Amino acid sequence: MRRSLSGLKRIGALLTAWVELLRRAARGVAVMVRMTNPVLPSRTTTAFYAQAAISFGLSMVALGVGIAYLPVDRWVRAFLSVGALYAITSSFTLAKCVRDQQEASTVRVRVDEARMERLIADHDPFKVVAG
């Protein structure tokens, strides 16, 4: 009997630690995984952001100059310009979809979704509130 009580205390302590871990994750506090790897949202540095913006700008200028100086008719240049704009906009859309998918897989979002599902499951629209 004494042995089973100590086992129940250990299980209770583990459950308490797990609940606290989920609460911290829901608040956005860094959660330690295996006591070594903090789960933090990745942030891009200012230098990386500037490099990406400059690279994008230079590639667009080079593409525009290349299309403008092609030795072809105007309608071919227009076709290539529309194709380039389509490729650019679709790459932005793809980047947004990848970012949204990555954000949806974070612990914070999953905890929020579980909390919302529980609220919806516990809600009874036909319950009469005594008042």
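Biologist: Happy to start with helix H4: how many residues apart are Arg 118 and Asp 122?

Modeller: Bear in mind that this is a predicted model. Helix H4 covers residues 107-122, and Arg 118 and Asp 122 both lie in it. Their separation is about one turn of the helix, which comes to four residues.

Biologist: And what is the N to O distance where the side chains of Arg 118 and Asp 122 meet?

Modeller: Arg 118 is exposed, and Asp 122 is exposed too. The cut-off for a salt bridge is a nitrogen within 4 Å of a carboxyl oxygen. The side chains of Arg 118 and Asp 122 do meet in a salt bridge, with an N to O distance of 3.6 Å.

Biologist: Nice. Which residues are linked in a network of salt bridges?

Modeller: Let's build it up pair by pair. In helix H3, Asp 100 and Lys 96 lie four residues apart, and they form a salt bridge with the closest N and O atoms 2.7 Å apart. Asp 100 also meets the side chain of Arg 99 in a salt bridge, at 3.1 Å from N to O. The linked residues are therefore Lys 96, Arg 99 and Asp 100.

Biologist: Is Asp 100 buried, exposed or partly exposed?

Modeller: Buried would need a relative accessible area under 20%, and exposed one over 50%. Asp 100 has 29%, so the class is partly exposed.

Biologist: What about Lys 96, which class does this residue fall in?

Modeller: The relative accessible area of Lys 96 is 46%. Exposed would take over 50% and buried under 20%, so Lys 96 is partly exposed.

Biologist: On to the rings: what kind of pair do Phe 56 and Phe 92 make?

Modeller: A search of the whole structure finds one aromatic pair. The ring centres of Phe 56 and Phe 92 are 5.5 Å apart, with the planes at 70 degrees. Planes over 60 degrees apart count as edge-to-face, so this pair is edge-to-face.

Notes:
Residues are numbered from 1 along each chain as its sequence is written. This is a predicted model: local features need pLDDT of at least 70, side-chain atom pairs count only at pLDDT 80 or more; totals for chains, interfaces and linings use all residues. Side-chain values use heavy atoms; hydrogens and water are left out. Rings of Phe, Tyr and Trp (its six-membered ring) pair if their centres lie within 6.5 Å; planes under 30 degrees apart count as stacked, over 60 as edge-to-face and the rest as tilted. Helices (H or I, at least four residues) and strands (E, at least two) are DSSP runs, numbered from the N terminus. Buried means under 20% relative accessible area, exposed over 50%, partly exposed in between (1.4 Å probe, protein chains only).
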